[in-house]
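Here are my notes on this one, written as I went through it. Have the model open next to you while you read.

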Amino acid sequence: MRRGVVLPRAAIVGVLALGWEITARSMDPLLYVPPSRVLPALGRLVALESFPYLPEHLWLTLREILIAYALAVGGGIATGFALGLRPGLGRIYAPLLGALYAVPSVVWYPSLMLLFGLGAASKIAFGFLLGFFPITLAVLAGVRQVDPHLVTVARAFGARPGTVFARVMLPSMLSTLTGGLRAGLALSVVGVIVGEVLGSKAGLGYLINYAYGLLRTADYVALVLVALALVLAVDGVAARGERRARRWA
Amino acid sequence: MQALTDVSLSVGPREFCTVIGPSGCGKSTLLAMIGGLLGPDEGSIVIDGRRVAGPDPRRVAMVFQDPGLFPWLTALDNVAFGLELQGIPRAERRRIAADLLGPLGLREFALKYPRELSGGMRQRVAIARALAIDSGIVLMDEPFGALDEQTRFLMGEWLLDVWTRARKTVVFVTHSLQEALALSTRVVVMTARPGRIKSVIDLPLPYPRDLESPEIASFRAKLWGELREESLKTMNQ
C-alpha cells in the first residue's frame, strides 16, 4: 500500500482513539472503557488469560461461516441461474426475491432458532440466508448484463451452450458476480456472528454477549476488536479472490 | 411475422453477391438462415450439396453490423476465437491471428482491447476473426453500416483487396447502392416485407471500379429503378 494512503489512515485511527480516550475518561468507568484499558484487555485475551477457550470458539465461528457461505454460494448461484436463464420463471419469482431481501433479515432469526435450535445450525441458517440474497441477485443482474449479440456471435462460430456459458456468459457477468460473492461473504459473516450474539452456547458472538452481560466492558470491546479483525481478514481473502477472478477474465 | 417468402437464390463459388433492399425486408434474416443461426419455416438452405442444420464455422464465417468483439479479449484473441473453438492450440491460433492482423494494418493493435480501437478497426478485427477460420464462405450483414462514409469507402476498398486475395465466396448485405456497385459481381434486389427477390443484376466489371464511369452510372440507374419502388413501399407502410 502507498504511504499516501497509510499515513492518513493511521492519523484518523489515532485521532479517533484519542477522542475515545478523552471522552471515556470523563464517563462512568463501568460502561465506558478508554483504549488505555482495552489494550491490556486485548493483550490478556490474545494471551488466552481472560478467555482460555477463545481458539475453540473462534474456530467454531469460522466453521459456521464457511458452511453458511458455501451453502449461500451454491444456493445463490443455482437460484440465480435458474431464474435468470428462464425469463418466464424469472418474471414470476425475481420480484419476490427482491421483496424478501428488503425485509430486515433479523426478523427471521427467531423462527430459525425455533427450527434449528440454539446450536450451530441456526447460525449457519442465518448466515446462509443473509449471504444467499446478494449472491442470487448478483447472478440475476449478471445474466441480464450478457449482450445477446455476443451470444449470437459465439454461436455463429460454432459455440455450443456449454461453451457459450463458459466463454461468453461468465466473463460478461464476472465483475457483478464477484461483487455479489464478496458482499455475500461479508453478510454470511454478519449473519453467523449476529446469530451467536442473539442466542447461542458457543462461538465468538457468544463470548461477546457473555462479556457484555457480565459488564466486563473492556473484555467485551476487546472481543469486538477480534470480531473486526476476523471480518477484515475474511474480506481481505475475498478481495484477493475478486482480483484474481478479474485477471483471469 | 413473416420476414421472407419465396426466396430462391443460388450463389456460385467465389462470387461477391450483394443483397440489397429496403430496411426490414428480411435481408438479415436471409443471412442468418444461410449461416444456420435461424431455421427456415419452409424450404431449405443447401451448401455444397449439404443441408444447413445449424452454424457450421468450417464452411461459413459471419460478420455482423455490430462487430461483436468480446470486450475481455485482446484484438489478437478475438481473431483467434473461432480457432479456439475448433480446438487449435493457443500458440498456433495466435500465430494465425497475428498473420492476419499484419496486412490489415492492425499489427500494433494486436494486444489492445476492443474499447481501445476505433469503429473501423473493430470491424476489421471482426472480419479478421471471420477470415481466420478459413471457411470458403463469408456472410457479411451490413458490416460497414455503423461507420462514417469515408471510413466506409476505405473499408470497401480494403475488403475488395482481401476478397481478391482470399478467393472466398461472399454474401454481403447492405442498403448502400455505392457499396453494391463498387464490390459486387452480382446484386440481388429484395422487395419490401415480406421480402422476396425482385431482380438479380450481374455486374461483370473489373476491379477496382470507377464509380463515376458511364458504365457504373447505367447500372446505378437500373439498380435505383428497382430499389426505389420498394423503398417507397417501405416508407409508406
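Domain bounds, as used below, come from an automatic or database domain assignment. Bear in mind that this is a predicted model.

1. Start with the layout of chain B.

2. Overall dimensions of chain B: a compact globule of 237 residues would have a radius of gyration near 18 Å, and chain B agrees, with 18 Å. Along the principal axes, the C-alpha atoms of chain B fill a box of roughly 50 × 40 × 30 Å. The secondary structure of chain B is 8 helices and 8 strands, and 41% of the 237 residues in chain B are buried. Take the contacts in chain B with a separation of 6 or more: 72% of them join residues 24 or more positions apart.

3. Have a look at strand S1 (residues 16-20) of chain B. With 5 of its 5 residues buried, S1 of chain B is largely enclosed by the rest of the structure. Phe16(B), Thr18(B) and Ile20(B) point one way from S1(B), while Cys17(B) and Val19(B) point the other way.

4. Which strands does S1(B) pair with? One is strand S6 (residues 169-174) of chain B, running parallel to S1(B) and joined to it by 5 bridges; here Thr18(B) stands opposite Phe172(B). Another is strand S7 (residues 186-190) of chain B, also in the parallel sense, over 4 bridges. In that pairing, Ile20(B) stands opposite Val189(B).

5. On to the largest nonpolar core, which has 119 residues. The members that touch the most others are Leu223(A), Val79(B), Ala130(B), Ala132(B) and Leu139(B). Helix H6 (residues 120-145) of chain A gives the most to this core, with 15 residues. Domain 1 and domain 2 of chain B both give residues to this core, so it lies between them.

6. Leaving aside neighbours within four places in sequence, Val79(B) is in contact with Ala97(B), Leu100(B), Leu101(B), Val125(B), Ala128(B), Arg129(B) and Ala132(B).

7. Now the two chains together. In the contact between them, 14 residues come from chain B and 12 from chain A. On the chain B side, helix H3 (residues 81-85) of chain B gives the most, with 3 residues. The side of chain B that touches chain A has 10 nonpolar, 3 polar and 1 charged residues.

8. Finally, Val153(A), in helix H7 (residues 148-156) of chain A. Why does Val153(A) count as buried? Val153(A) has 27 C-beta neighbours inside 10 Å, and a residue is buried if 20 or more lie within that distance. Beyond its neighbours within four places in sequence, Val153(A) is in contact with Phe64(B) and Gly68(B). The C-alpha atoms of Val153(A) and Arg44(A) are separated by 63 Å, with the two residues 109 apart along the chain.

Terms used
Residues are numbered from 1 along each chain as its sequence is written. Chains are lettered from A and ligands numbered from 1 in the order in which they are written. This is a predicted model: local features need pLDDT of at least 70, side-chain atom pairs count only at pLDDT 80 or more; totals for chains, interfaces and linings use all residues. Two residues are in contact if their C-beta atoms, placed from the backbone, lie within 7 Å. Helices (H or I, at least four residues) and strands (E, at least two) are DSSP runs, numbered from the N terminus. Ala, Val, Leu, Ile, Met, Phe, Trp, Tyr, Cys and Pro count as nonpolar, Asp, Glu, Lys and Arg as charged, and the others, Gly among them, as polar. A nonpolar core is a set of buried Ala, Val, Leu, Ile, Met, Phe, Trp, Tyr and Cys residues joined through C-beta atoms within 7 Å. A residue is buried if 20 or more other C-beta atoms lie within 10 Å of its own, exposed if 12 or fewer, and partly exposed in between; C-beta atoms are placed from the backbone. The radius of gyration is taken over C-alpha atoms; the globule rule is 2.2 Å times the number of residues to the power 0.38. Two strands pair if DSSP finds at least two bridges between them.
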